[in-house]
Amino acid sequence: MTEDARDEVDRLVAAWRTERPDLDVEPLQVLSRVSRLAKHLDRARRAAFAEHDLEPWEFDVLTALRRAGKPYELSPGALLRATLVTSGTMTNRIDRLAQAGLVRRRPDPEDRRGVLVSLTETGLARVDAAFADLLRRERELLSGLGPADQRALASLLRTLLTPFDSPT
């Protein structure tokens with residue numbers, strides 16, 4: 001991309017500089033672009049999931065189980081921590097995923113009152129296919145940047161996000 005290429009944010013910033021010259025609108029240069037990119041990413045994610053008959057929340061639960069490694073199994077409490085939803089919401093999600101044949105529950109052999117949730121073969125195949133499709137779409141979103149620029153951007157975004165992701 002050339003230095004003189006302009007995007008919608010450039011037009012937005014220019015308009016605000018004209019209308020409100022008393023304000024420093026520089027944060028818009030970064031954060032409006034991040035916001036717009038997040039919308040494009042959300043569309044790409046939803047399209048990838050829809051092609052595999054998954055909703056975003058289903059993908060979140062299934063990927064939490066997949067990342068756990070074999071036997072792709074977690075307690076409902078661990079799923080809560082991984083997906084940041086309430087207990088009631090997680091129970092509903094597990095019920096719906098079990099009805100769809102994507103997960104199963106079994107008693108926790110280490111805790112008589114507990115259960116473990118695991119991926120079924122169908123759930124494993126579906127989440128693996130959706131994840132591969134998601135990565136393909138994300139590569140397309142980043143195709144305007146070379147590998148070094150992608151690493152630099154990742155580092156800068158990490159710097160911005162770390163305070164938000166740190167435990168308080």
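Colleague: Which residue in strand 3 does Arg-106 stand opposite?
Modeller: This is a predicted model, so keep that in mind throughout. Strand 2 covers residues 103–108 and pairs with strand 3 in the antiparallel sense. In that pairing, the residue opposite Arg-106 is Leu-116.

Colleague: How many bridges hold strand 2 and strand 3 in their pairing, and how many residues does the hairpin use?
Modeller: The two strands pair in the antiparallel sense over 6 bridges. A hairpin joins strand 2 to strand 3.

Colleague: Which residue of strand 3 stands opposite Glu-73?
Modeller: Strand 1 spans residues 73–74, and strand 3 spans residues 111–119. They run antiparallel, joined by 2 bridges. Opposite Glu-73 stands Ser-118.

Colleague: What is the distance between the closest N and O atoms of Arg-106 and Glu-73?
Modeller: Arg-106 forms a salt bridge with Glu-73. The pair links distant parts of the chain: Arg-106 is in strand 2 and Glu-73 in strand 1, 33 residues apart. Their closest N and O atoms are separated by 2.7 Å.

Colleague: Is Glu-73 buried or exposed?
Modeller: Glu-73 has a relative accessibility of 19%. Buried means under 20%, so the class follows. Glu-73 counts as buried.

Colleague: Where does Glu-51 lie, the partner of Arg-137?
Modeller: The side chains of Arg-137 and Glu-51 meet in a salt bridge, 2.5 Å from N to O. The pair links distant parts of the chain, 86 residues apart. Arg-137 is in helix 6; Glu-51 is in the loop between helix 2 and helix 3.

Colleague: How many salt bridges does the structure hold, and which residues do shared partners join into one network?
Modeller: The structure holds 14 salt bridges. Some share partners, and these join residues into one network. Its members are Glu-51, Asp-133, Arg-136, Arg-137 and Glu-140.

Colleague: How many residues apart are Glu-8 and Arg-11 in helix 1?
Modeller: Their side chains meet in a salt bridge, 3.4 Å from N to O. Residues three or four places apart in an α-helix point the same way, because a turn takes 3.6 residues. Glu-8 is partly exposed at 38%, and Arg-11 is partly exposed at 43%. Along helix 1 the two are about one turn apart, that is, 3 residues.

Colleague: Which helix gives the most to the nonpolar patch?
Modeller: The patch lies on the surface, with about 1000 Å² of accessible area together. Its members include Leu-31, Leu-141 and Phe-164. Helix 2 and helix 7 each supply at least two residues. The one giving the most, with 5 residues, is helix 7.

Colleague: Is Leu-31 buried or exposed?
Modeller: Leu-31 lies in helix 2. Over 50% relative accessible area means exposed, so 52% settles the matter. Leu-31 counts as exposed.

Colleague: Which residues of helix 2 are buried?
Modeller: Helix 2 has 24 residues and reaches 34 Å from its first C-alpha to its last. What covers its buried residues includes helix 1, helix 3 and helix 6. The buried residues are Gln-29, Ser-32, Ala-44, Ala-48 and Phe-49.

Technical notes. Residues numbered from 1 in each chain as written. Predicted model: local features only at pLDDT ≥ 70, side-chain atom pairs only at ≥ 80, totals over all residues. Heavy atoms only, no water. Pairing = 2+ DSSP bridges. Helix = DSSP H or I, 4+ residues; strand = E, 2+ residues; numbered from the N terminus. Patch = residues over 30% accessible without salt bridge, like charges linked within 9 Å, V, L, I, M, F, W, Y side chains within 5 Å. Areas by Shrake-Rupley, 256 points an atom, 1.4 Å probe, with all protein chains shown as cover. Salt bridge = Lys/Arg side-chain N within 4 Å of Asp/Glu carboxyl O. Expected span 1.5 Å × (residues − 1). Buried < 20%, exposed > 50% of the residue type's maximum accessible area, 1.4 Å probe, protein only. Contact = heavy atoms within 4.5 Å.
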